Amino acid sequence: MAAKGDRLASELRGRLSPEARIYADLSSRRLYARDQGEPPRFVERVLLKQNIPDLVLQPELPDDVSAALRWARARELSVVPRGAATFGLGGAVPTQHGLVLDFSALRSIEEINLDEQTVTVLAGTRWADVAHALKPYGLALCTYPTSWFSTVGGWVNTGGYGVGSLAYGHFKDQIHRLIVLTPQGELKELTSDDPEFEYFIGTEGQMGVVWAVTLRVRRAPQKTTPILLQCDSVESAFALAHELLQEGFQPYHMKYLSAARIHEINELLHSSEAQIPERESLLIAFDEWESARACERWAVQSEITVSSLYHAYYLWHERLFPMRPKRLGPGMLASETVLSAEKAPEFIKKAEREGARFGVHLASEAYFVGDGQVLLLPAFTFNSRNVFSEFFVASLSLVLTRLGIALGGRPYAIGIWNTPFARAKFGKKFDELCAYKRKIDPDGLLNPGKFFALPAHWSSLMLRGLPLSIGLEIARLAAPLVRKFFDPTPKRYPAREPGRPPTAISPLLDLLEYNETLCSRCGSCVPVCPAYIYTKDERTTARGKLQLGLALLKGEKLDAAGAQALFYCMHCRACTDVCQSSLDLVPVWDELERRVEARFGKDHQKIEEFVRGVEAMQIMPGTEYVPPIVKVLEGVAYGHRDAS
Ligand SMILES: Cc1cc2nc3c(=O)[nH]c(=O)nc-3n(C[C@H](O)[C@H](O)[C@H](O)COP(=O)(O)OP(=O)(O)OC[C@H]3O[C@@H](n4cnc5c(N)ncnc54)[C@H](O)[C@@H]3O)c2cc1C
Ligand code: SF4
Ligand code: SF4
């Protein structure tokens, strides 16, 4: 495989700009074989036998993408666009080896237009990047996903509901312009009134590659203020949400958290003093302090419990850390359905009963997204250490999606694992999408084996129509019996035993295995990592280092470039500070470097050059990194100067 990768790399190299980066080493390519999702190991093994790409390309110019698409077509290689790989349903996972187009390092604020209140960014720019860049100009994002560290191009291609969706609706309503490359390599500029525009929104990299996005933004709010209202039943929480909107309150964001979800958050809170009352809750954020106070007064008059401001702010901050409960599992899965708010209580109650049947507790959240709809997110932690219980309990995720559809909802996203539900998501529009796909990508070059059709392999039968329905029904019926033999109850990993050397947590649990298992591969640590910003090499990130470290522990081969990349680290703790799983990572890097040095030696000169390079870019934590801002257009209304 390595020889094939090298051959392909040298073929492609000559067609690209000198700045484009190609990764052909196995140590790099294997990091592109998965995304944030945690499918059961058994299913992954049988269904995704070709998930390691032949080659990875980080383009620097649209011409690089055009050339790569044309070359891949001639070579009959599939092409998979990838942002930060935080999607979780396998959208960025190859199913036929091929070429991965990695946009994660393509971070640039191309233009801030103060008059029009728009910002244009390249596809790999993170939500946090955009927010930081807008702040000095008194502007802010309208909506954003709670994956603050995912790419703008990634969200154009996936969900579209997140923080602020109650006030600003679906993300597509804020997209002013897209620059895309079709599978034929043709560059297109599309605005929202173009008939083709919508084919490129939420279609998960099936129709083309997004290069740049122009977003509408808003004046920064005075002060986003959250309040927390609590009720005794799920019905009363949703009735309260309805009443509050009827009263004329206009929150920026509103989400429901079940009592079980609050319990989970309490379990993760260190202080027993700060525990949040475990009741059905509504977290509501307003753009102005006064509106929040008015809503609070109304709630008090209506005899509704208003929780402390401390708890409200705590939960507001936690909105950006939804993967934290993985520490409790270590398995963690969810289902996502868009449903009418009216039906939500029925869904939540039935879903909790299904969870109990499978032996796990559901912890649910629901985002109010306008038009009387909610995005429901029931999640559960479980013992993923046993392969059978993992496979079995993972079917609950599909059972819940099916339940949402039965209640009139639609699945939120497709990827690989929800392909059987694609028609339920798009309804009549699905045939139109199929027709456009056939027209624009007749050879099925882009992102095959998902969304429209599963990989052509016998094992995909388990995710198809009738076999899937029968399988899920059997799983439901057998659940109460099966869980007696294979207990899915979360088996939380122990803390390090006192006196144990820093290389191990317990006699049986190695430090690297412990941290890799608890890592959710969420990618929060990628854009803040000075080593990554400088090298643009996924192997240098915490997410990459943990995966390679585990491979090393298992005795798998590591090439020289991979071994060297593991030394590229400033030990700056930026990864630890943002880690969704609250991992203490710097001691892990010390240990990993010790092991790599013992096996491969250490090139001190290269490390020295690396450190000098990082220092020269001034990207150490504390010197908040904002990607380059290419142009700021004069904003008469704001009196800013052109900073281009
Ligand atoms: C902690 C956490 C919180 C999350 N919160 C939310 C949330 O609030 N709302 C929500 O909707 N989702 C959420 N997600 C899911 C995920 O973060 C979003 O779907 C995100 O937009 C994916 O972006 P990405 O850059 O990671 O894309 P990837 O995972 O890399 O790719 C996703 C899909 O888009 C395609 N794609 C990526 N970039 C391009 C491109 N430039 N051109 C063409 N196709 C492309 C890929 O092929 C793939 O099919 C969350 C995930 C995590 C881990
Ligand atoms: S310690 Fe700093 S340089 Fe090292 S992996 Fe973490 S963020 Fe990157
Ligand atoms: S190390 Fe932490 S922040 Fe990085 S991917 Fe893993 S869980 Fe996420």
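Mentor: Let's start with a convention: Ala, Val, Leu, Ile, Met, Phe, Trp, Tyr, Cys and Pro count as nonpolar, Asp, Glu, Lys and Arg as charged, and the others, Gly among them, as polar. Keep in mind too that this is a predicted model.

Trainee: With those classes, how do the residues of the shell around ligand 2 divide?

Mentor: Nine are nonpolar, two polar and two charged. Of the 13 residues around ligand 2, those that come nearest are Cys529, Cys569, Met570, Cys572 and Cys575. Helices α18 (530-535) and α21 (574-578) each supply at least two residues of that shell.

Trainee: On to salt bridges. How many does a search of the whole structure find?

Mentor: Side chains of opposite charge can pair when their charged atoms come close. The search finds 36 salt bridges in this structure. In one of them, Arg34 meets Glu44 at 3.2 Å, N to O. Arg34 sits in the loop between α2 (26-29) and α3, and Glu44 in helix α3, so this pair ties together parts that are ten residues apart in sequence.

Trainee: Is Arg34 buried or partly exposed, and what about Glu44?

Mentor: Arg34 counts as partly exposed because its relative accessibility is 27%, whereas Glu44, at 12%, is buried. The cut-off for buried is under 20%.

Trainee: Which parts does the salt bridge between Glu354 and Arg476 tie together?

Mentor: The closest N and O atoms of that pair are 2.9 Å apart. Glu354 belongs to helix α12 (residues 344-358) and Arg476 to helix α16 (residues 465-485), so the bridge joins parts 122 residues apart in sequence. Both Glu354 and Arg476 are buried. Salt bridges with shared partners also join Lys255, Arg261, Glu264 and Glu365 into one network.

Trainee: Last, strands. In what sense does β10 pair with β6 and with β8?

Mentor: Strand β10 (residues 209-216) pairs in the antiparallel sense with β6 (residues 118-122) over five bridges, and with β8 (residues 175-181), also antiparallel, over six bridges. Val213 in β10 is the bridge partner of Val121, while Thr214 in β10 stands opposite Arg177. Seven of the eight residues of β10 are buried.

Methods
Residues numbered from 1 in each chain as written. Chains lettered and ligands numbered in written order. Predicted model: local features only at pLDDT ≥ 70, side-chain atom pairs only at ≥ 80, totals over all residues. Heavy atoms only, no water. Buried < 20%, exposed > 50% of the residue type's maximum accessible area, 1.4 Å probe, protein only. Helix = DSSP H or I, 4+ residues; strand = E, 2+ residues; numbered from the N terminus. Pairing = 2+ DSSP bridges. Near = heavy atom within 4 Å. Salt bridge = Lys/Arg side-chain N within 4 Å of Asp/Glu carboxyl O.
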